[in-house]
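The sequence and structure come before the details.

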Amino acid sequence: MTKRFRNWALLSILTSMVVCPAAKAQDRRIITEPVAPHMVCDRPVPSGKQDTATLQEAIDQCPSGAAVYLARGEFRSGPLEMKSGVTLWIGRGAALIAIPEPAAYDKGRGQCGRIAGKGDGCRPFISFSRTRGGGIYGEGVIDGQGGAIMGGGAETWWQLARRAQAEGGNQNAPRLIQIDHAQDITFSGVTLRNAPNFHVAMNRVEGATFWGLTIDAPADARNTDGIDPGASQDVTITRSFIRTGDDNVAIKAGDNGSSSHISIIDNYFGWGHGMSIGSEVNSGASDILVRNLTLDGTTSGLRIKSDVSRGGLVERVTYENVCLRGNRWPVAFDAKYDPRAQGTRIPVYRQIVLRHVRGDKGVLLMRGVDERHALDVTLEDVRFANSATWQLEHANVTANHSDVSPPLSGRATEPLPRGSEACSRAFRDGNR
């Protein structure tokens, strides 16, 4: 991350905190800044070859409450499985690098590194499965090498993903980190970059904190989501920089369960597909707070996406103190994400609030399925440039018209009010 982006992100966060009142976080836990583990159980050193066995043994032998500490150098590894209560501490100057060998991640079906009807043929690089406590800490780097040529082949993980898209199949590529049926997981400070697939994917997690992370992948790296809380409760993502080739954050609630009580506070999103809920929401998503967020150059900004094949109830979602710039769809609440979808899982979005939101041009989309399932949205102090356009279809919008620009009936006829110093200062400094 460049100094310019760091300064802009910090300025946006600080100014928005000054001008806007505090709001209650939706995560029901009391969240404080994570601290380093008090005990280090092992200090492996890189071998210059593969370090998988050494690292896995250190994790397995480490007692709960302690950390495996990587001090400096490059550690090259295949898949690692974390243990309850154990922290992987990656110090400044250390890099944990995922080897680009499909065979190392294969689940035994020979599909990893190939295109198939399903995309679940690879193990993740780092997995937390049925663990409690522990996590990843430090100022070092975990590099998924999504842009490296795969062993035994002639293309990268990302090229495989693009070819799968063109051929109508699914790429089998490892997620960087998978957290599954886990509790009380903490990530702090670490940089995650170049994941072959999602950077952090979550399934049935109760209690997770992501504090001060940097997540970075090229804008054209397909399916490299930043953090995806799925079927999870009590999650906080804060003070983090995220730019990816897909959703910066995507909250999901598919067949595996609902997602609720999620706080996304004081973050900066660079390129990517935005702050998303969906597309799978058939089990329900609720009690979500997005506060003090800058979205700079994301294709979509604030997005809720689903359709009748995977829809459900999305409710009690608040977006507060949000700055948007250079977004094609700054707001995209769409219950017809795939207009060709068929099914009876109707998306219903209600009690959605936008408060103190600033942006420039783009399409402001709110589209429900039909009048019986119209979107329920409240706008409070929501202002975009006069070139922005509203596209409303089956949407019940509550707003004081003097409080919203452009007017909901069409384009604004007056210049964009200065309004939020958080946005104006952040945008001004970002252009230096």
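Buried means under 20% relative accessible area, exposed means over 50%, and partly exposed lies in between (1.4 Å probe, protein chains only). By that cut-off Cys323 is buried, at 2% relative accessibility.

This is a predicted model: local features need pLDDT of at least 70, side-chain atom pairs count only at pLDDT 80 or more, and totals for chains, interfaces and linings use all residues. Residues are numbered from 1 along each chain as its sequence is written, and side-chain values use heavy atoms, with hydrogens and water left out.

The structure holds two disulfides. A disulfide here is a pair of cysteine sulfur atoms within 2.5 Å. Counting bonded cysteines along the chain, the pattern is 1-2, 3-4.

| Disulfide | S-S distance |
|---|---|
| Cys41 and Cys62 | 2.0 Å |
| Cys112 and Cys122 | 2.1 Å |

Take Cys41 and Cys62. The torsion about their S-S bond is about -110°, so this disulfide is left-handed. The pair links distant parts of the chain, 21 residues apart. Cys41 sits in strand β1 (residues 39-42), and Cys62 in the loop between α2 (52-61) and β2 (66-70). Helices (H or I, at least four residues) and strands (E, at least two) are DSSP runs, numbered from the N terminus. Cys41 is partly exposed at 30% relative accessibility. Cys62 is buried, at 0%.

Now Cys112 and Cys122. Their S-S torsion is about 110°, so this disulfide is right-handed. Cys112 lies in the loop between α3 (102-105) and β7 (115-116), and Cys122 in the loop between β7 and β8 (126-129), so the pair ties together parts 10 residues apart in sequence. Cys112 is buried at 7% relative accessibility. Cys122 is buried at 8%.
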